[in-house]
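Good morning, and thank you for the time.

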Amino acid sequence: LAIFALTLAACTSSDEENGNNSQGGGDKPSSQPEITITTPPAPTVSEKGGNDIIAFHAEKPWSAKVLNTRAEGWCSIYPTSGQAGDVEITITTAPNDTTDDRSATIIIQAGSTQKVITITQKQQDALTVTASKFEIEAKGGEVEIVVKANVDYDYTIDPDAKDWIEYKTTRTWVSSILVFEVAENEDMEKREAQIIIHSGDLEELVTIYQKGEEPTIILSKNEYTVSDKGETIAVDVRSNVDVAVEIPLDVDWI
């Protein structure tokens with residue numbers, strides 16, 4: 001028994017010197033990360049949607065899921081699990097038809113390690129006006145065009161209308177309000193012009209209709225008293241229509 005005990009002790013000492021653990025079977029904890037992203041993920045995807053790839057290396061069997069339940073309607077991944085090794089996950093996104101950015105969180109897990117990747121989808125460029133037609137009285141006035149946009153924009157006034165439509169100011173609100181001044185229409189004929197609100201390929205067309213002035217004849221004086229000797233009088237007429245002078249047939253003294 002004494003000899004067996006000494007021999008056992010000697011073997012144990014030798015194993016320890018060689019770096020072997022009799023209970024561990026020589027299996028040391030690995031310093032290799034359980035998940036390594038091998039290509040930069042695409043954190044921002046097009047508003048048109050499509051497919052993007054996230055590549056990683058997993059030291060153990062892995063799983064992945066979209067964390068946001070609200071994002072499941074527009075963001076999906078495949079595959080959602082697999083064995084250790086080099087992996088590619090395809091992220092499929094639907095077109096974003098809203099005017100706001102949106103995001104989805106993807107969690108990849110292997111063993112006790114998690115990687116969190118946030119995917120952001122850009123907003124759809126939008127440019128709208130709340131009304132596309134305005135009718136203005138002949139006397140003129142202001143036109144307020146309310147513009148809702150998430151892009152920079154500009155405006156263009158119909159070149160033929162620049163003498164009677166003038167940009168005045170922009171009033172900043174939840175939306176932008178472009179204010180235009182419409183001059184008085186002294187003619188009887190109605191007139192119209194277009195203002196284009198535009199940004200790149202986006203544009204909104206606004207039409208301004210202005211009424212013509214009512215037929216008007218204004219005299220400087222309606223009654224005249226002349227002497228018995230007779231005289232010449234001048235009647236000043238202001239009118240927006242053609243005028244004619246008609247003397248009653250039974251009057252032969254004028």
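I217, L219, Y224, V226, I233, V235, V237 and V243 make a nonpolar surface patch of about 640 Å². This is a predicted model, in which local features need pLDDT of at least 70, side-chain atom pairs count only at pLDDT 80 or more, and totals for chains, interfaces and linings use all residues. Residues are numbered from 1 along each chain as its sequence is written, and side-chain values use heavy atoms, with hydrogens and water left out.

Patch members have over 30% relative accessible area and no salt bridge; nonpolar side chains (Val, Leu, Ile, Met, Phe, Trp, Tyr) are joined within 5 Å, like charges within 9 Å. A salt bridge places a side-chain nitrogen of Lys or Arg within 4 Å of a carboxyl oxygen of Asp or Glu. Areas follow the Shrake-Rupley method with a 1.4 Å probe, and for residues only the protein chains shown count as cover.

V243 lies in the segment after β19 (237–239). Strands are DSSP runs of E, at least two residues long, numbered from the N terminus.

E184 sits in the loop between β15 (176–182) and β16 (191–199).

Turning to the strands, β3 (residues 50–58) runs antiparallel to β1 (residues 35–37), joined by three bridges; pairing requires at least two bridges found by DSSP. I35 has A58 as its bridge partner in β3. Nine bridges join β3 to the antiparallel β7 (residues 85–93), where I91 stands opposite D52.

Key: Helices (H or I, at least four residues) and strands (E, at least two) are DSSP runs, numbered from the N terminus.
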